[in-house]
Amino acid sequence: AMTAAPAPARVLAVLAADADALPAAALVFVKGAQAGRVASWAFSPALRRALCFADLPAASLGEPLEIGVSAAGDRVGATVRETAESRLAAAFRNSLK
């Protein structure tokens, strides 16, 4: 018989940053602690902000997020953007429970 796979510990999330640009491989922080890293980003003319893919702990998706934008430690806020792919991934994760 098939058994359910464990829920993934990490996810690739789409984030909207409160910035026009992000440094390469920027760090993502959850509750002030480093939790992940930006994989890639692009500027969204429609949203007038940077959108990025970030590797994050699955448990952090509902938490306040920040992205490091300078070597001096400056950070900007970020929010998880829901996409068709993220809804599909969430449904899959829920099916594993």
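1. Two strands count as paired here if DSSP finds at least two bridges between them. Strands (E, at least two residues) and helices (H or I, at least four) are DSSP runs, numbered from the N terminus. Within this pairing, valine 28 has isoleucine 67 of strand 5 as its bridge partner, and phenylalanine 29 has glutamate 66 of strand 5.

2. A word on what you are looking at: this is a predicted model, in which local features need pLDDT of at least 70 and side-chain atom pairs count only at pLDDT 80 or more, while totals for chains, interfaces and linings use all residues. Residues are numbered from 1 along each chain as its sequence is written, and side-chain values use heavy atoms, with hydrogens and water left out.

3. Strand 2 also pairs with strand 3, again in the antiparallel sense, over 4 bridges. On this side, phenylalanine 29 has glutamine 34 of strand 3 as its bridge partner. The hairpin of strand 2 and strand 3 has 2 residues between the strands, and lysine 31 takes a positive phi near 55° there.

4. Now for the wider fold. The protein has 1 helix and 6 strands, and along the sequence they follow the pattern β-β-β-β-β-β-α. A closed barrel of 6 strands runs in the order 1-4-3-2-5-6, with antiparallel pairing. Neighbouring strands of this sheet are turned by 40° against each other on average, direction ignored; the axes are lines fitted to C-alpha atoms, and angles run from 0 to 180 degrees between N-to-C directions. The C-alpha trace spans about 55 × 30 × 20 Å along its principal axes.

5. Which residues have the most contacts inside the largest nonpolar core? They are Leu15, Leu22, Val28, Val38, Leu56 and Ile67, in a core of 18 residues. Strands 1 to 6 each supply at least two residues of this core, and strand 4 (49-57) gives the largest share, 4 residues. Such a core is a set of buried Ala, Val, Leu, Ile, Met, Phe, Trp, Tyr and Cys residues joined through side-chain atoms within 4.5 Å. Buried means under 20% relative accessible area, exposed over 50%, and partly exposed in between (1.4 Å probe, protein chains only). Of the 97 residues in the protein, 29% are buried.

6. Finally, the largest pocket is lined by 19 residues, with Leu12, Ser86, Arg87, Ala89 and Arg93 nearest its centre. A pocket is an open set of points on a 1 Å grid over the protein atoms alone where a 1.4 Å probe fits, with protein on both sides within 12 Å along at least five of seven lines; lining residues have an atom within 4 Å of a point. Helix 1 gives the most to this lining, with 7 residues, and strand 1 (10-17) supplies at least two.
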